[in-house]
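Here is a friendly note to read alongside the structure. Please keep the 3D view open as you go.

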2 protein chains.
Amino acid sequence: MAGMTVSGMATAAGDAEAGKAKAAVCAACHGKNGIAQIPGYPNLAGQNEAYLVSALKAYKNKQRSGGQAPVMQGQAAGLSDEDIANLAAYYASLPADGGE
Amino acid sequence: MAGMTVSGMATAAGDAEAGKAKAAVCAACHGKNGIAQIPGYPNLAGQNEAYLVSALKAYKNKQRSGGQAPVMQGQAAGLSDEDIANLAAYYASLPADGGE
């Protein structure tokens, strides 16, 4: 069910469980608990859900280049809007400090 | 003093204290403690320093568009490499869960 945020950006409330399954491939760079093991990659744990949606869409739409963006463009290219919403819900649900 | 990371990306080790002073303007969107108050903006607290450097440089070099990127392009345009290193060091030093 799409909701509207204060700033008017539509967010599709994702399914964190479905996102967890989808995130298996992301763990290689972003860590099992959403804390990246590689310094140049972002931690995703506890990140704002709406931001994660907009960032993934920016990679998917090739609106981000520079740094590691080409890697993420490839990862995001095959994601549906539902995948993106679910991944965002999953990572937003994780403790920001990487705790269990 | 510039250092090299495992992935070969040069990072200038920033000065977190100088970054704290520079971050006053960032708090409006990213929160006093690096936890964004606006859902579409990213939390920065405890984020990987090298990632923050590459993201800020991508905004400065207009390599990011989409979402709130235009706002960040304006913010990053006036930052020197030293400012970027200091801001990255500051936000990376903050507790990821927004604690004191």
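1. A word on the model: it is predicted, so to speak of local features pLDDT of at least 70 is needed, side-chain atom pairs count only at pLDDT 80 or more, and totals for chains, interfaces and linings use all residues. Residues are numbered from 1 along each chain as its sequence is written, chains are lettered from A in the order in which they are written, and side-chain values use heavy atoms, without hydrogens and water.

2. Chain A gives 24 residues to the contact and chain B gives 25 residues (contact means heavy atoms within 4.5 Å). For chain A, 100% of the interface residues are also interface residues in chain B, so the copies meet through the same surface.

3. How much area do chain A and chain B bury between them? About 2,000 Å², with 49% of it on carbon and sulfur atoms; buried area is the accessible area (1.4 Å probe) that two parts lose on being put together, summed over both. On the chain A side, Pro39(A), Asn48(A) and Tyr51(A) lose the most, together 23% of what that side buries.

4. Between the chains there are 0 salt bridges (a side-chain nitrogen of Lys or Arg within 4 Å of a carboxyl oxygen of Asp or Glu).
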